[in-house]
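Me: I've got this structure open and want to learn my way around it. Can you take me through it in short answers?

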Amino acid sequence: MRRIRQSFDVLVPASVAVLVAFMVVGTSTSTTAITVPAALIAVVSGAALWWRRRNPVPVMGIALVGGLVVQLVAPMTVFPLAALVAMGSLAAARPPRFSLPALALLLGVISLNFRTTTPEDTQFVMAVAVVVAAVGEAVRSRRVALAQAAHRAVGEEQARIARELHDVIAHGVSVIVVQAAAADDVFDQRPDRAREALRSIDATGRATLEELRKVLGAVRPEERPGLDRLADLVEPLRAAGLHVEVNREPVPLPAGVDLSAYRIVQEALTNTLRHARANRAEVLVRNDSGVLELEVRDDGRGGVPAFGRGITGMRERAALLGGTVDAGPLPDGGFRVHARLPLAVTA
């Protein structure tokens, strides 16, 4: 493909230069002393098309000058070929504030045909110039749209990776910190409990490292954690002293919904462990008329965490799927996170 484009870039300037020079010589009404320099100018304007992609504005200026000279010396040359090619390249490479003035100048050059040919022919050439500019602008607009879409995709992927890293690290480190503190508290009186906490720290650290490898390795969706791993998620929390009860209704889930649901539950339980000073937590998962409903409750102090971006991250995850997350203290104490994720999402 690249070789074809390079060959085309060479062929177009050469062909236009030769063709325009031939037309100038063949249709000129001036003396040889005028025709030869005009033919050279035509050759230069055609050859300049070699740089039309890299320097479209100067090339357009050269092509307009060449077209004007050709129209004056060889008025029977109806089509300013070099200027038309340069017009398309300029419109494809630069916004309308560049292409529209150039189009106006090109139409002015073409209007000289009214002196030597029929109005219909001149109007046809003007229409061709407008179509060329419109096609170039359409190409430019498509390029801009593709670039913006790519930029958005990169931003969304960066945000997704940031959420993944936050969820994995925050959860794993929180569990390790709590378990380490518990081991320190009972190290002298209950060494068996301390050893149990240390084993749990080891398991949690290994699991966290494994998830980090998956995130950083950009794993396929089927390799990402889902709600079928809730048991593995809550086991370290129970070892840290937080009793977690899971009530899960089996629901077939798209991969994207499954991952986001797991991360929302993970973040909610992590916040409970870190901030709520809770003894118990309950996780509810069910299908509500085509919407996955998640609810995480605890019996802690019920305050919203004063730092961190966990709740914001949960809401961002849900919003990407067209869902919502509500979080706040309960009237009778404790804290509740409630998420609704539409199941009609392509993974």
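Me: Let's start with a residue. Which residue in β5 is the bridge partner of T324?
Reply: The partner of T324 is R340. Keep in mind that this is a predicted model, where local features need pLDDT of at least 70, side-chain atom pairs need 80 or more, and totals for chains, interfaces and linings use all residues. Residues are numbered from 1 along each chain as its sequence is written, and side-chain values use heavy atoms, leaving out hydrogens and water.

Me: And what stands opposite A327 in β5?
Reply: V337 does.

Me: How many bridges join β4 to β5, and which way do the strands run?
Reply: There are six bridges, and β4 and β5 run antiparallel. Strands are DSSP runs of E, at least two residues long, and helices are runs of H or I with at least four, both numbered from the N terminus. Two strands pair if DSSP finds at least two bridges between them.

Me: What sits between β4 and β5?
Reply: Five residues, and the two strands form a hairpin. In the turn, G333 has a positive phi of about 100°.

Me: OK, zoom out. What is the strand order in the sheet?
Reply: The order is β1-β2-β3-β5-β4. This is an open sheet of five strands with mixed pairing. Its edge strands are β1 and β4 (324-329), and each of them pairs on one side only. The twist averages 10° from one strand to the next.

Me: Which sense do β1 and β2 pair in?
Reply: Parallel, over six bridges. β1 covers residues 243-248 and β2 covers 280-287.

Me: Switching to helices. Which strands does α9 lie across?
Reply: α9 lies across β1, β2, β3, β4 and β5, and it runs at about 10° to β3. Angles go from 0 to 180 degrees between N-to-C directions, with axes fitted to C-alpha atoms, for helices over the stretch in contact.

Me: What about α10?
Reply: α10 lies across β4 and β5, at about 155° to β4.

Me: At what angle do α9 and α10 pack?
Reply: About 165°, with their axes 10 Å apart. α9 is residues 255-276 and α10 is residues 310-320. The two helices are therefore roughly antiparallel. That word covers angles over 145 degrees; under 35 is roughly parallel, 65 to 115 roughly perpendicular, and the rest oblique.

Me: Which residues of α9 and α10 meet?
Reply: S260, R263, I264, E267, A268 and N271 in α9 meet G310, I311, M314 and R317 in α10. Contact means heavy atoms within 4.5 Å. By class, the residues of this contact are four nonpolar, three polar and three charged.

Me: How do α8 and α9 pack?
Reply: α8 (residues 230-239) packs with α9 at about 10°, and the axes are 11 Å apart. So α8 and α9 are roughly parallel. From α8, L230, L233, V234 and L237 make the contact; from α9 come Y262, V265, Q266, L269 and L273. The residues of the contact divide into eight nonpolar, one polar and no charged.

Me: Last pair. How do the axes of α3 and α5 cross?
Reply: At roughly 10°, coming within 10 Å. α3 is residues 56-73, and α5 is residues 96-110. α3 and α5 are therefore roughly parallel.

Me: Which residues meet there?
Reply: V57, M60, L64, G67, L68 and Q71 of α3 meet F98, A102, L105, L106 and V109 of α5. The contact has nine nonpolar, two polar and no charged residues. Ala, Val, Leu, Ile, Met, Phe, Trp, Tyr, Cys and Pro count as nonpolar, Asp, Glu, Lys and Arg as charged, and the others, Gly among them, as polar.
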